[in-house]
Amino acid sequence: MAPPAPAANPFAPPTAAQAAPVPPPFAAPPVVAPAASFLDDRTVVEPEEDRTLVVVLDDGQEIRVDGPVVLGRNPVPPAAYPQARPVQVQDASMRMSKTHLVLVPSGSGVGFVDVGATNGVSVELDEGLAKVAPQQVHELPAGVVVHFGGRSLRVPR
C-alpha cells in the first residue's frame, strides 16, 4: 500500500496543472453615452425676479421702496414710520420741507404719505394738479406723477 499523499499547502503558488485557464481575449462593449436625461437630471431653478418696487425722480434717480422711505431736504423718520430709510433729495427751489413725504410698499404697488409738509404733496391728473390729504396713505399708480416741493417722482410703467 502506498503512503498517503501529503496534504496540499493552501498558501503555495499553484502548479501549472492547477492554474486556472486564461480566458481568451474579448472585445470590450462599445462605450455609449447615456441618454441626455441621465447626464444631468437636476431641475433648473429659474432665478427669482427682483420685485422690489422702484420710484423714479424727475432727474432719473431711482429709489428702491423695499420698506418705508422718507424723502426731504434733510429727512428724519417721522414718528409714524420710525424705521423709514431717509433719502436726501436736492431742491434748488427750497420749497421742499426737510421731511416731506414717506413712500411705503402698499399692496402690489407704492403708496405715499404727505407727512404734513409746508407746501404739501400734489398728484398730476388730467384736470391738473390735485393736493392730497396729509397723514394718509395714497396709492401711487404706475405712470402717475407726484409733485413735492420743487421735485416730482413716478412709478415707472
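This is a predicted model: local features need pLDDT of at least 70, side-chain atom pairs count only at pLDDT 80 or more; totals for chains, interfaces and linings use all residues.

Colleague: Thanks. How many helices and strands are there in the protein chain?

Modeller: The protein chain has one helix and eleven strands. Going along the sequence, the pattern reads α-β-β-β-β-β-β-β-β-β-β-β.

Colleague: And what share of the residues is buried?

Modeller: Of the 157 residues in the protein chain, 31% are buried. The accessible surface of the chain is about 11,300 Å², and carbon and sulfur atoms account for 58% of that surface.

Colleague: OK, on to sheets. In what order do the five strands of the open sheet come?

Modeller: The order is β4-β3-β5-β6-β9, with mixed pairing. β4 (85–88) and β9 (138–140) are at the edges with a single partner strand each, so one side of each has no neighbour in the sheet. On average, neighbouring strands of this sheet are turned by 30° against each other, direction ignored.

Colleague: Which way do β3 and β4 run, parallel or antiparallel?

Modeller: Parallel: strand β3 (residues 69–72) is joined to β4 by four bridges. As an example to click on, L71 has V87 in β4 as its bridge partner.

Colleague: Why does V104 count as buried?

Modeller: Because its relative accessible area is 7%, and buried means under 20%.

Colleague: What does V104 touch?

Modeller: Leaving out residues up to four places away in sequence, V104 touches V65, P68, Y81, G109, V110, G111 and V137. Take P68 from that list: P68 and V104 are 36 residues apart along the chain, and their C-alpha atoms are separated by 4.6 Å.

Colleague: What about contacts across the whole chain? What part comes from residues 24 or more positions apart?

Modeller: Among the contacts with a separation of 6 or more, such residues account for 46%.

Colleague: Last topic, β7. Which strand forms a hairpin with β7?

Modeller: That is β8, with two residues between the two strands. β7 and β8 (residues 128–131) run antiparallel and are joined by four bridges. In that pairing, L125 stands opposite G128 in β8.

Colleague: How many bridges link β7 to β10?

Modeller: Three, in the antiparallel sense, between β7 (residues 121–125) and β10 (residues 145–148). To find that pairing on screen, look for S122, whose bridge partner in β10 is H147.

How values were computed: Residues are numbered from 1 along each chain as its sequence is written. Side-chain values use heavy atoms; hydrogens and water are left out. Two strands pair if DSSP finds at least two bridges between them. Buried means under 20% relative accessible area, exposed over 50%, partly exposed in between (1.4 Å probe, protein chains only). Contact means heavy atoms within 4.5 Å. Accessible areas come from the Shrake-Rupley method with a 1.4 Å probe; for residues, only the protein chains shown count as cover. Axes are lines fitted to C-alpha atoms, for helices over the stretch in contact, and angles run from 0 to 180 degrees between N-to-C directions.
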